[in-house]
Amino acid sequence: MKRTVKVLALGSLLAASALYAVNTAACVGCHGKNFEKKAMGKSKVVKDMSHDAIVAALKGYKAGTYGGPMKGLMAGQVAKLSDADMEAIADQIKNAPAAPAAFEKEAKADEKKLVNINAVASDPKKIAAEDLGKKKVVSEEALGLRKVDLYSEDTVTPEPTDYKRPAPGASTRFERAYVNAPPMIPHDVDGLLPITRDNNQCLGCHMPDVAKSMGAIPIPPSHFTNYRPETVLKNGELVKEGKVVGLKGDLGNVSDIKLAKAKKLNHLYQGRFNCTQCHAPQAKVEPVVGNTFTPDVPDKKLLGSSNLIDTINEGVQ
């Protein structure tokens, strides 16, 4: 009896080891935590596929013999997977728990429909109530973000911040807060972060050569341009943009170097590689204070697109 139990336990342990030998965390951003979503609104619902069909699809992506719009993206995801890895992934998908309640329905992103993220924050009634400049006496409740007296702050918890959104390809884009502001991320980012040198899943959908087919916004030309001055050490002197500015160990006077020569690249500039240094998921949370900021937008198209590459040198040249 003891031997039977040990054999069963060993079998369960080996099965579990195979099941979790591969990590599907990178998949959930597009396919959902339980593989219940259509990736980019285009793929099959993987959870509904059979075990054998999942394995066949993964092998096909690796061999380049399977796939439609997602083919290019998936090829990179499966390139290092072994047959055993693919079997384990299929096992993990088919043994995943039931899918949670569906995300809120949102229209597919396009230039015509954008969500104004400042609409609630700029509510006139909220702003009027918070206009401290017109108040002779400012109460304790008005000073802090918790909106209670100073003696109760430690007992008040902030409103929960919810970053969950529909999968990539199923979300609605947000208006830019101001002209050429880095756009907020409108979709779920579970499994897509962190961005590392060897894994930047943003590029799989947003590179200009694939963005249209994926229904994504292409990375703009400014991200393929190096604006930093070329700096080299030559004959013991520091040369910046072809001009000697100092000796080794001494930057010297660089105030006259006002504008570096922009260098267009045929690849993404590495200074722009870490997308989340500027782009962040938009949270669903009630604004704490009113927002009186009103952007100067000469053309409404700029609420959904960028002209930074054309205007980046304004006021400099």
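The legends below describe close-up views of a predicted model of one chain.

Residues are numbered from 1 along the chain as its sequence is written. Local features need pLDDT of at least 70 and side-chain atom pairs count only at pLDDT 80 or more, while totals for chains, interfaces and linings use all residues, and side-chain values use heavy atoms, with hydrogens and water left out.

**View 1. The whole chain.** The chain has 10 helices and five strands; helices (H or I, at least four residues) and strands (E, at least two) are DSSP runs, numbered from the N terminus. Of its 317 residues, 27% count as buried, where buried means under 20% relative accessible area, exposed over 50% and partly exposed in between (1.4 Å probe, protein chains only). Accessible areas come from the Shrake-Rupley method with a 1.4 Å probe; for residues, only the protein chains shown count as cover. Among contacts (heavy atoms within 4.5 Å) between residues at least 6 apart in sequence, 64% join residues at least 24 apart.

**View 2. The largest nonpolar core.** A nonpolar core is a set of buried Ala, Val, Leu, Ile, Met, Phe, Trp, Tyr and Cys residues joined through side-chain atoms within 4.5 Å. The largest one has 22 residues, of which Ile54, Leu58 and Met70 touch the most other members. Two or more residues come from each of helix 3 (51–63), helix 4 (71–78) and helix 5, and helix 3 gives the most, with five. Leaving aside residues up to four places away in sequence, Leu58 touches Met74, Val78, Met86 and Ile89. A second, separate core of six residues includes Ile195, Phe224, Leu268 and Phe273. In soluble globular proteins, nonpolar side chains tend to be buried together.

**View 3. Helix 5.** The end C-alpha atoms of helix 5 (residues 83–94) are 17 Å apart, which agrees with the 16 Å that its 12 residues should span at 1.5 Å a residue. The expected span is 1.5 Å times one less than the number of residues in the helix. Buried residues in helix 5 are Met86, Ala88, Ile89, Ala90, Gln92 and Ile93.

**View 4. Ser43 in a loop.** Ser43 is found between helix 2 (28–31) and helix 3. With a relative accessible area of 14%, Ser43 is buried. Not counting residues up to four places away in sequence, Ser43 touches His31, Lys37, Lys38 and Met70.

**View 5. Backbone angles in two loops.** Most residues other than glycine have a negative phi, and most peptide bonds are trans. The loop between helix 7 (140–143) and helix 8 (203–206) holds Pro194, and the peptide bond from Leu193 to Pro194 is cis, with omega near 0°. Asn180 is found in the loop between helix 7 and helix 8 and has a positive phi near 65°. At 17% relative accessibility, Asn180 counts as buried. Asn235 has a positive phi of about 55° and is placed in the loop between strand 2 (231–234) and strand 3 (237–240). Asn235 is exposed, at 74% relative accessible area.

**View 6. A nonpolar surface patch.** Leu145, Val288 and Val289 make a patch of about 260 Å². Patches are made of residues with over 30% relative accessible area and no salt bridge, with like charges joined within 9 Å and nonpolar side chains (Val, Leu, Ile, Met, Phe, Trp, Tyr) within 5 Å. A salt bridge is a side-chain nitrogen of Lys or Arg within 4 Å of a carboxyl oxygen of Asp or Glu. Val289 lies in the loop between strand 5 (263–264) and helix 10 (308–311) and counts as partly exposed at 35% relative accessibility.
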